[in-house]
Amino acid sequence: MFFALSALQVVGKAFSIWIGRKAGVILTGFLGGLLSSTATTVTLAKESHEPVGSQTLRLAALQSAILAMLVQAAVLIRAGGIAAFELVGLHFAILSLITLSLIGLLWRRKPQSHPVIAGTERILDIRSSLKLTVFIVLILSASKLVQEWAGSQGLMILTFVISLFEVHGSLISTSQLLAAGKVDGFQYERLVEASLMASYVSKFALVATISSSGFRKKALMTLAPGMLFILLHLTSR
């Protein structure tokens with residue numbers, strides 16, 4: 001996790017130089033989402049306290065990380081079997097469309113200017129990576145404890161808890177349950193929806209807890225459409 005977060009810092013700076021800051025930040029968010037959308041959310045939330053950088057670009061990077069998470073999850077489910085993908089493919093298509101629309105809206109906005117700090121900009125902040133690594137590991141450890149406590153209370157609760165910080169592993173396990181005939185199509189669809197909702201909830205909680213006040217309100221608003229879609233789907237049956 002430490003090396004991954006450090007690599008994101010360096011890659012982000014490189015992309016900002018090569019293809020421009022605007023596209024570089026969004027592309028870095030996507031690459032970070034492929035690695036860990038949770039870690040990327042933590043990084044962006046922490047960076048929102050810095051006096052430099054555009055909050056609009058950070059919002060776009062957050063949505064880009066979510067898009068990467070959705071693409072990766074859809075690919076994993078498709079690799080697990082066509083039957084599983086046919087049941088939930090539309091979910092991922094709609095969520096991806098919502099996310100792409102938000103990225104497009106944020107892209108068209110003019111980034112707010114911020115004062116530039118004098119001096120040489122750091123390419124790699126090792127202390128920041130270490131702090132973020134410890135923070136994420138503590139969250140994962142707490143999630144594991146809750147998972148063990150809730151294990152006897154049903155598959156839906158267990159799936160939700162696991163997916164708070166490891167959605168891809170949860171989706172793979174759920175697909176295996178469907179393939180083995182342990183759950184039917186309706187149960188599988190609900191489990192996938194619970195996994196996706198948990199992933200959004202974890203990002204919502206992280207942003208609400210550790211981001212700056214200016215970033216928090218806007219970020220929560222951009223997370224709301226995806227959460228609302230999943231919630232309506234979950235409660236409509």
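Reply: Let us take helix H7, whose 13 residues should span 18 Å at 1.5 Å a residue, and because its end C-alpha atoms are 18 Å apart, the two values agree. The expected span here is 1.5 Å times one less than the number of residues, and a helix is a DSSP run of H or I with at least four residues, just as a strand is a run of E with at least two, both numbered from the N terminus. This is a predicted model, in which local features need pLDDT of at least 70 and side-chain atom pairs count only at pLDDT 80 or more, while totals for chains, interfaces and linings use all residues. Residues are numbered from 1 along each chain as its sequence is written, and side-chain values use heavy atoms, with hydrogens and water left out.

The buried residues of H7 are Val 167, His 168, Ser 170, Leu 171, Thr 174, Ser 175 and Leu 178, where buried means under 20% relative accessible area, exposed means over 50%, and partly exposed lies in between (1.4 Å probe, protein chains only). Just after the helix, Gly 181 takes a positive phi of about 80°.

Now consider the partner of this helix. Two packed helices are described by the angle between their axes and the distance between the axes. For H7 and H8 the angle is about 175° and the axes are 10 Å apart, the axes being lines fitted to C-alpha atoms over the stretch in contact, with angles from 0 to 180 degrees between N-to-C directions. The two helices are therefore roughly antiparallel to each other, a label used for angles over 145 degrees, whereas under 35 counts as roughly parallel, 65 to 115 as roughly perpendicular and the rest as oblique. On the side of H7, Val 167, Ser 170, Leu 171, Thr 174, Ser 175 and Leu 178 make the contact, and on the side of H8 it is made by Gly 185, Tyr 188, Leu 191, Val 192, Ser 195 and Ser 199; contact means heavy atoms within 4.5 Å.

The largest nonpolar core has 38 residues, and Leu 70, Phe 92, Tyr 188, Tyr 200 and Ile 230 have the most contacts inside it. Such a core is a set of buried Ala, Val, Leu, Ile, Met, Phe, Trp, Tyr and Cys residues joined through side-chain atoms within 4.5 Å. H7 (167-179) is among the elements that give two or more residues to this core, which also include helix H2 (21-47) and helix H4 (82-108), while H3 supplies the largest share, 11 residues. If residues up to four places away in sequence are not counted, Phe 92 touches Leu 171, and also, among others, Leu 70, Val 192 and Leu 196. Val 88, placed in helix H4, is buried with a relative accessible area of 0%, and its contacts, with the residues up to four places away again left out, are Ile 77, Tyr 188, Glu 189 and Val 192. By contrast, Leu 97, which lies in helix H4, counts as exposed at 55% relative accessibility.

Stepping back to the whole protein, there are nine helices and zero strands, and 46% of the 237 residues count as buried. Of the contacts with a separation of 6 or more, 77% come from residues 24 or more positions apart.
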